[in-house]
Amino acid sequence: MKASIFIKPGEVRIEDRPKPEIQKPTDAIIKIVRASVCGSDLWWFRGISQRDSGTPTGHEGIGIVESVGSEVTNVKPGDFVIAPFTHGCGHCAACKAGFDGNCLNRETGNINGYQAQYLRFVNANWALVKIPGQPSDYTPEMLNSFVTLSDVMATGYHAAATAEVKPGDTVAVMGDGAVGLCGVISAKLRGAKRIIAMSRHEDRQKLAREFGATDVVPERGDEAVKHVMELTGAGVDAVLECVGTEQSVDTATKIVRPGAIIGRVGIPQKPDMNTNQLFYNNTGLRGGIASVTTYDRAELLQAVLDGKINPGKVFTKQFTLDQIQDAYDAMDQRQAIKSLLVVDDQA
């Protein structure tokens, strides 16, 4: 089968790899229909974080179940599914508490490889999310939105949920990538009255407003803090931190009113942080790895099916699997907000 493989920073390549097989009774083999490149993939693509050469890439996708292990009864061959990157088991303490992103039975090692024709999916019985019907029943736009439910839409929602965004709130969203834009969608979905998008890129500002942002703050650092305070007076009720840099986290701590909560989903790029500001302002800091299966089942899949949200608009360029290098380059060079990969053009 064709599979995307990491070669070195700045280079990915399609190689012929063995088609995956069932290894455990809890596995499923998925024929990938659509996949995508995630902003977090750029950390190792740019050489900022480490990744072993020769490893398969990708952790977002949708597809058709081809085969299942003997303990998988909730899905069957032929089912159309979202393949969450979290692979939660559904029965450990973390999954039962609604935090399948922290599943205690998550398989160790590399379980990526979504940017390929086939995927071995672990913990398939609970983690896979069935989509009614087949890919041919949906428009390309709907298929794009389903892809976001494997990661970025659920991650943006996790920021809003952990920040406890509620009706009437004023919310700031740090980051204008796909996760941040999905954070705007999530804040609106949860009833926020005012949503401030922290963005300095015109195309992303436009999409943020389409998704529900009421204000845009293009500045960074102290100037951004000043602008938000001018807009709100006392600061925002919640911050969705979708970047992970030291500056983004620092700004988030300075634009909240006393007692507010920061929902943090940006992958931390610094091992430590000064928490004194949190203490003196009674600020809560929560967040982490998204609970993808939990959120998809509880709200997000139905919201897409009902047309309430259209997160697939974050895909601004489309590629085939053979164009994997171009897909990464487009995001790396900010030519695309998010790159879609059409793996099976018959679906």
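**Figure 1. Arg334 in the loop between α12 and β15.** Arg334 is partly exposed, with a relative accessible area of 43%. In this predicted model, the residue lies in the loop that runs between α12 (324-332) and β15 (339-342). Arg334 is not a glycine, yet its phi is positive, at about 60°. Most residues other than glycine have a negative phi.

**Figure 2. His87 in the loop between β5 and α2.** The loop shown here lies between β5 and α2 (93-96) and contains His87. His87 also has a positive phi without being a glycine, with a value near 55°. Its relative accessible area is 0%, so His87 is buried.

**Figure 3. Strands β3, β4 and β5.** Strand β3 (residues 28-36) and strand β4 (residues 61-68) run antiparallel and are joined by seven bridges. Within β4, Val68 stands opposite Ala28. β4 also pairs with strand β5 (residues 80-82), again in the antiparallel sense, over three bridges. Here the bridge partner of Gly63 is Val81 in β5. Strands of a sheet pair through backbone hydrogen bonds, either parallel or antiparallel.

**Figure 4. The open six-stranded sheet.** The strand order is β10-β9-β8-β11-β12-β13, and the pairing is parallel. β10 (215-217) and β13 (284-287) are the edge strands; each has a single partner strand, so one side of each is left without a neighbour in the sheet. On average, and with direction ignored, neighbouring strands of the sheet are turned by 20° against each other. Ala197 has Val216 of β10 as its bridge partner. Helix α5 packs on the sheet, where it touches β11 (236-241), β12 and β13. The direction of α5 makes about 150° with that of β12.

Figure 5. Ile262 belongs to strand β12 (residues 256-264). With a relative accessible area of 2%, Ile262 is buried. Leaving aside residues up to four places away in sequence, Ile262 touches Ala163, Val239, Glu241, Ala252, Thr253, Val256, Leu278, Thr283, Gly284, Leu285 and Arg286. One of these contacts, Gly284, is 22 residues from Ile262 along the chain, and the C-alpha atoms of the two are separated by 6.0 Å. In a regular strand the side chains alternate between the two faces of the sheet.

**Figure 6. Ser248 in helix α9.** Helix α9 (residues 246-254) contains Ser248. This serine counts as buried, at 5% relative accessibility. When residues up to four places away in sequence are not counted, Ser248 touches Met174, Glu241 and Val243. Glu241 is also among the residues that Ile262 touches.

**Figure 7. Packing of helix α5 against helix α6.** The axes of helix α5 (residues 152-162) and helix α6 (residues 178-189) are 7 Å apart, and the two helices pack at an angle of about 55°. This angle makes α5 oblique to α6. The crossing of α5 past α6 is right-handed. On the α5 side, the contact involves Val152, Met153, Thr155, Gly156, Tyr157 and Ala160. These meet Ala178, Val179, Cys182, Gly183, Ile185, Ser186, Ala187 and Leu189 of α6. By class, ten residues of the contact are nonpolar, four are polar and none is charged.

**Figure 8. Packing of helix α4 against helix α11.** Helix α4 (residues 140-148) and helix α11 (residues 292-305) cross at roughly 170°, and their axes come within 10 Å. Angles over 145 degrees count as roughly antiparallel, and α4 and α11 are therefore roughly antiparallel to each other. Met142, Ser145 and Phe146 form the α4 side of the contact, while Leu301, Val304 and Leu305 form the α11 side. Five residues of this contact are nonpolar and one is polar, with no charged residues.

Key
Residues are numbered from 1 along each chain as its sequence is written. This is a predicted model: local features need pLDDT of at least 70, side-chain atom pairs count only at pLDDT 80 or more; totals for chains, interfaces and linings use all residues. Side-chain values use heavy atoms; hydrogens and water are left out. Axes are lines fitted to C-alpha atoms, for helices over the stretch in contact, and angles run from 0 to 180 degrees between N-to-C directions. Helices (H or I, at least four residues) and strands (E, at least two) are DSSP runs, numbered from the N terminus. Angles under 35 degrees count as roughly parallel, over 145 as roughly antiparallel, 65 to 115 as roughly perpendicular and the rest as oblique. Contact means heavy atoms within 4.5 Å. Ala, Val, Leu, Ile, Met, Phe, Trp, Tyr, Cys and Pro count as nonpolar, Asp, Glu, Lys and Arg as charged, and the others, Gly among them, as polar. A crossing is left-handed if the near helix is turned anticlockwise from the far one by less than a right angle, and right-handed if clockwise. Buried means under 20% relative accessible area, exposed over 50%, partly exposed in between (1.4 Å probe, protein chains only). Two strands pair if DSSP finds at least two bridges between them.
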